[in-house]
Amino acid sequence: RLAARLAALGLNVVDAEYFFDLLLFVVGGSSDMVSVEDFVEGCMRMRGPASGVDLHNLDKHMRLVFKTLARYQKETNKTLATFVGVLASAPAAPEPE
């Protein structure tokens, strides 16, 4: 019944759980509850098919995220290597008696 009402609004909901998870993400919800206002806003934002421009925009943002993660990984690996080098060159701690 809800799926039919959502379809009338231009929302094709096949998997209700996935839809509500996506809805929570779209509206930035921090709980498992969706307010009426957030529900309406989320439905309006997700209405209609994705256009080629939408998909390219998503691709652009995902590539930016991956580049950022790769840069952080490279910096973290460099810092870790420096830390390991410092530890390796430190004098050994005396054995407890």
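**Notebook: helix packing and pockets**

I looked up the helix pair in this predicted model and found that the axes of α2 and α3 (lines fitted to C-alpha atoms over the stretch in contact, with angles from 0 to 180 degrees between N-to-C directions) come within 9 Å and cross at roughly 100°. Helices here are DSSP runs (H or I, at least four residues), numbered from the N terminus.

I then listed the contact (heavy atoms within 4.5 Å): F19, F20, L22, L23, V26 and V27 stand on the α2 side, with D38, F39, G42, C43, R45 and M46 on the α3 side. By class, I note nine nonpolar, one polar and two charged residues in the contact of α2 with α3, where Asp, Glu, Lys and Arg count as charged, Ala, Val, Leu, Ile, Met, Phe, Trp, Tyr, Cys and Pro as nonpolar, and the others, Gly among them, as polar.

Next I turned to pockets (open sets of points on a 1 Å grid over the protein atoms alone, where a 1.4 Å probe fits, with protein on both sides within 12 Å along at least five of seven lines; lining residues have an atom within 4 Å of a point). The largest pocket holds about 510 Å³, the volume being the space filled by probe spheres set on the points. Of its 17 lining residues, L22, V26, R45, M46 and R47 are the closest to the centre.

I also recorded the second largest pocket, at about 200 Å³, which is lined by A50, D54, L55, N57, L58 and H61.

Residues are numbered from 1 along each chain. Local features need pLDDT of at least 70 and side-chain atom pairs pLDDT 80 or more, while totals for chains, interfaces and linings use all residues, and side-chain values use heavy atoms, without hydrogens and water.

Definitions and conventions. Helix = DSSP H or I, 4+ residues; strand = E, 2+ residues; numbered from the N terminus.
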